[in-house]
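Biologist: Hi! Could you walk me through this one, starting with any term I'll need?
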Amino acid sequence: QVQLVESGGGLVQAGGSLRLSCAASGRTFTIYRMGWFRQAPGKEREFVAAISWSGGNMHYAYSVAGRFTISRTNAKNTVYLEMNGLKAEDTAVYYCAADLGDSGGNYYLEYEYDYWGQGTQVTVSS
């Protein structure tokens, strides 16, 4: 069992910055990679960023590349999403997810992940 607790969401002005946190607990040794997804009202959940549990490989959606940074703190088993240059279209509920790993699926696909956080709201005002 893996538990994910997200925090850091809120209201921010366009062009501003925000850092999201996702604390993992439980059987974290089984985690292969962590991902961030987001979902706006009436929209499907979409990939944002992913990182291997070792922290060696990072991937980003084209829409956030160059603005967002994903990272991990080993001591606290926490994954962060640093968001800079926020735009109104970044407004969504952001979810972190844990992929326990199998044959090594695509990091950008929702079905590859086994556990999900509760989500944290990010609202960007323009």
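Modeller: Happy to! A residue is called buried under 20% relative accessible area, exposed over 50%, and partly exposed in between. Glu110, with a relative accessible area of 34%, is therefore partly exposed. Keep in mind that this is a predicted model.

Biologist: Got it. Which side chain does Glu110 meet in a salt bridge?
Modeller: That would be Arg45, at 3.6 Å from N to O. Arg45 sits in the loop between S4 and S5, while Glu110 is in the loop between S9 and strand S10 (115-116), so the pair links parts of the chain 65 residues apart.

Biologist: And Arg45, what's its relative accessible area?
Modeller: Arg45 comes in at 25%, which makes it partly exposed.

Biologist: How many salt bridges are there by this rule?
Modeller: The count comes to five. Some of them form a network that links Arg38, Glu46, Arg67 and Asp90.

Biologist: Let's stay with Asp90. Is it buried or exposed?
Modeller: Asp90 is buried, with a relative accessible area of 1%.

Biologist: Which side chains does Asp90 meet in salt bridges?
Modeller: One is Arg38, at 2.8 Å from N to O. Asp90 lies in the loop between S8 and S9 and Arg38 in strand S4, so this pair ties together parts that are 52 residues apart in sequence. The other is Arg67, also at 2.8 Å from N to O. Arg67 is in the loop between strand S6 (58-60) and S7, 23 residues from Asp90.

Biologist: Are those two arginines buried or exposed?
Modeller: Arg38 is buried, and Arg67 is buried too, with a relative accessible area of 15%.

Biologist: Changing topic: how many residues are in the largest nonpolar core?
Modeller: There are 33. Met34, Trp36, Leu81, Met83 and Tyr94 touch the most other members.

Biologist: Which strands supply at least two residues of this core?
Modeller: Quite a list: S1 (2-7), S3 (18-26), S4 (33-39), S5 (46-52), S7 (68-73), S8 (78-83), S9 (92-99) and S11 (120-125). As background, nonpolar side chains tend to be buried together in soluble globular proteins.

Biologist: Last one: what does Tyr94 touch, not counting residues up to four places away in sequence?
Modeller: Among its contacts are Leu20, Trp36, Phe37, Val48, Phe68, Leu81, Met83 and Val122.

Terms used. Residues are numbered from 1 along each chain as its sequence is written. This is a predicted model: local features need pLDDT of at least 70, side-chain atom pairs count only at pLDDT 80 or more; totals for chains, interfaces and linings use all residues. Side-chain values use heavy atoms; hydrogens and water are left out. A nonpolar core is a set of buried Ala, Val, Leu, Ile, Met, Phe, Trp, Tyr and Cys residues joined through side-chain atoms within 4.5 Å. Buried means under 20% relative accessible area, exposed over 50%, partly exposed in between (1.4 Å probe, protein chains only). Helices (H or I, at least four residues) and strands (E, at least two) are DSSP runs, numbered from the N terminus. Contact means heavy atoms within 4.5 Å. A salt bridge is a side-chain nitrogen of Lys or Arg within 4 Å of a carboxyl oxygen of Asp or Glu.
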